[in-house]
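Hello,

Here is the structure we talked about handing over. My notes follow below it.

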Amino acid sequence: MDFDLPESALAVREGVAAVAAKYDHAYWSQCEEEHRFPQEIFDDLGRGGWFGLCVPEEYGGGGQGLLELAVANMTLCASGGVAGTFFYVTTPGFGAMTLTRHGSEEQKQRILPGLADGTVQFCLALTEPDAGSNAIEIKTSARRDPDNTDDFLIKGQKIWISNVENADWMVAVTRTIPAAETKAQGLPRTAGFTLFLVDVKQALADGTLSYNPIPKMGSNILHSSQVFFDDVRVPAENVIGEVDAGFGVLWDVLNPERILAASGGIGTADAALKIACDYAREREVFGRPIGANQGLQFPLAQLKAKTELGRLMTYQAAWLFDQGRPCGNEANVAKLTGAQVGWEAANQAFQTLAGMAYSKEYPVERIFRDARIAKNIPVAEELVLAHIGTAMLGLPKSY
Ligand SMILES: Cc1cc2nc3c(=O)[nH]c(=O)nc-3n(C[C@H](O)[C@H](O)[C@H](O)COP(=O)(O)OP(=O)(O)OC[C@H]3O[C@@H](n4cnc5c(N)ncnc54)[C@H](O)[C@@H]3O)c2cc1C
């Protein structure tokens with residue numbers, strides 16, 4: 001079954017599948033066990049240009065779009081590297097997509113070539129201890145340095161920031177007007193946001209930026225960390241878009257993130273269904289393959305149907321984004337479906353393998369852990385449903 005994907009996306013699928021085939025489930029499970037960044041496959045994908053797909057050709061990239069990135073991520077996850085979604089979300093998503101659409105010419109020339117050849121990594125610092133779903137309430141501030149008004153100083157705290165340890169650049173989401181002040185001035189709640197490019201290595205070296213990895217249940221191929229900003233100095237030329245008008249830019253970060261998360265969920269479902277069905281064809285109980293029992297076969301068939309529906313919505317959302325058209329509704333429906341089906345397929349694979357699902361000999365336990373968090377991040381399922389309820393069904397808001 002295949003949607004009428006453009007040649008470019010089909011070529012991406014083929015190319016990423018060829019790289020991913022060199023790294024089996026055992027490779028990913030070992031990296032997870034050792035809490036080790038999968039540098040080998042990361043470098044392999046980078047060398048092949050599979051992270052630079054959406055970087056414009058004049059900066060050395062593939063000149064393609066989010067659709068091709070989503071296909072690349074889906075293919076990587078289908079190979080079993082389901083936590084590899086973090087590769088695609090952090091660097092091509094937060095870095096290349098954001099700068100391609102909103103970076104200044106100088107920022108593009110400075111950073112996009114490294115994103116094209118896979119030598120530069122990114123992270124996004126949005127979530128705070130008191131502002132997750134309610135991102136509007138972030139408190140991390142950026143103010144002009146009174147002694148050098150060409151620079152901003154960032155102060156505050158973030159939480160759960162993935163990939164800081166590998167990142168060269170961070171997209172830091174700050175308030176240049178505090179939430180309370182926007183209210184007092186009668187400005188919209190979304191006013192006063194500014195996004196910055198923070199040079200991570202430099203700020204870590206000068207001690208103004210620090211992080212603490214949070215021990216976590218899965219996705220241990222990279223850290224997710226508490227991050228502290230203690231007057232991190234950032235030159236004004238590192239503002240992404242306009243000062244105080246960052247919320248519009250932020251939506252062009254969050255929608256691709258949701259679409260890439262959706263593609264990861266669909267790829268996860270592909271991986272889990274393959275493991276479950278391979279096992280169910282072979283394993284015989286009571287003298288017949290367990291896959292013949294409709295109690296196992298029908299849930300797998302149902303999940304296959306949901307996976308294919310989610311795949312189409314993911315493609316549609318990515319295509320709309322690439323056309324510069326509104327894609328919020330589609331991104332949310334895709335994210336909801338991708339995250340659900342990835343988790344449900346992992347859970348059903350667990351049921352199918354029964355006792356062996358619990359063994360580290362099979363990758364099901366790893367995929368099960370990694371798939372679960374996708375229902376909560378990058379946006380929690382309830383908030384996605386709230387968007388669908390209010391924006392698509394016209395129901396009253398709870399937030
Ligand atoms: C492994 C991992 C990696 C992450 N990586 C990053 C990263 O790289 N960068 C980054 O910025 N953030 C990152 N995050 C943070 C992530 O985006 C947030 O955890 C997520 O947005 C949810 O926020 P929260 O955890 O604060 O939940 P909360 O906002 O505290 O919500 C708690 C619960 O309340 C529900 N809820 C709240 N309001 C409503 C309502 N009105 N109606 C119904 N239900 C409601 C939510 O749906 C949720 O179930 C990561 C998180 C994890 C776990």
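Which residues in H1 are buried? They are Ala9, Val12, Val16 and Ala20. They cover an arc of only 55° around the axis, so they sit on the same side of H1. That arc is taken over the directions from the helix axis to the C-beta atoms. Buried means 20 or more other C-beta atoms within 10 Å of the residue's own; exposed means 12 or fewer; partly exposed is in between; C-beta atoms are placed from the backbone.

Two points on provenance. This is a predicted model: local features need pLDDT of at least 70, side-chain atom pairs count only at pLDDT 80 or more, and totals for chains, interfaces and linings use all residues. Residues are numbered from 1 along each chain as its sequence is written.

More on H1. The face turned away from the buried side carries the exposed residues Glu7, Glu14 and Ala18. Helices (H or I, at least four residues) and strands (E, at least two) are DSSP runs, numbered from the N terminus.

Next, the ligand. The shell around the ligand has 24 residues; Leu126, Gly132, Ser133, Ala380 and Glu382 are the closest. A shell residue has its C-beta atom, placed from the backbone, within 6 Å. Strand E1 (122–125), strand E3 (148–162) and helix H13 (381–392) each supply at least two of the shell residues. Domain 2 (124–244) and domain 3 (248–392) both contribute, so the ligand lies between them. Those bounds come from an automatic or database domain assignment.

Last, Leu195. Its place is in strand E5 (residues 193–199). Leu195 is buried, with 27 other C-beta atoms within 10 Å.

Best wishes
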